[in-house]
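Let's take a quick walk through a fold, starting with the whole chain and then zooming in on one piece of it.

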Amino acid sequence: HRDLHYPLRRQRQMCIRDSEDAPDNVELRAALAWGLLMTKEADEAASHTKRALELGLADAGMLRNLGRGFEKADRGSDALVVYERLVDKEPSDAAAIISLAECLASLQRDDEAIETYQKGILADSRNADLRLALGKAYVKRGEERAARSQYERLRGLDGDKAALLLRAIEA
């Protein structure tokens, strides 16, 4: 039986050795964290991610990957820290805002999730993805009136997404 993670483990060993030689290399720390997440070593990945963030990790693609990786590893609090940095670096990126808000909601921080969606809409009131996500968050909380308000705004932006929200409201 072949070890399918062998290339990742070998890369991990090389990154660890390199990180000892260059402890302040943010890209190396982030790459090591990513590799550790892929080999299911979330505790060690969290440590390297924290260090990469302290060193100023700002690469949006790497931040997205790390956030998703921590979510898959069921490490919501680690994903949250990463998504907060992502939104700090990309404040008008609707996908980043949605990721942050969904992470907050997964941690039962629904009020903060809704505030995050609202801030995103303030920055881009015509973003249909944000309006749909906010509407669904209102549905989840049982706030039909607020959800319908988002539905009305969404109708003029994207009929398909408006239909999705209406189905959620009426479910």
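What follows covers the chain overall and then helix 8.

This is a predicted model, where local features need pLDDT of at least 70 and side-chain atom pairs count only at pLDDT 80 or more, while totals for chains, interfaces and linings use all residues. Residues are numbered from 1 along each chain as its sequence is written, and side-chain values use heavy atoms, with hydrogens and water left out.

The chain has 10 helices and 0 strands; these are DSSP runs numbered from the N terminus, with helices being H or I of at least four residues and strands E of at least two. Of its 171 residues, 40% count as buried, meaning under 20% relative accessible area with a 1.4 Å probe, protein chains only. Take the contacts (heavy atoms within 4.5 Å) with a separation of 6 or more: 46% of them join residues 24 or more positions apart.

Now for helix 8. It runs over residues 128–140, so 13 residues, and spans 18 Å from first C-alpha to last, close to the 18 Å expected at 1.5 Å a residue, where the expected span is 1.5 Å times one less than the number of residues. Its buried residues are A128, L130, R131, L132, A133, L134, G135, A137 and Y138.

What caps the N-terminal end of helix 8? That's N127, with a side-chain oxygen 3.0 Å from the backbone nitrogen of D129. Just after helix 8, G142 takes a positive phi of about 80°.

Notes:
Buried means under 20% relative accessible area, exposed over 50%, partly exposed in between (1.4 Å probe, protein chains only). A polar contact is a pair of N or O atoms within 3.5 Å; within protein, one must be able to donate a hydrogen and the other to accept it, and residues adjacent in sequence count only if both atoms are side-chain atoms.
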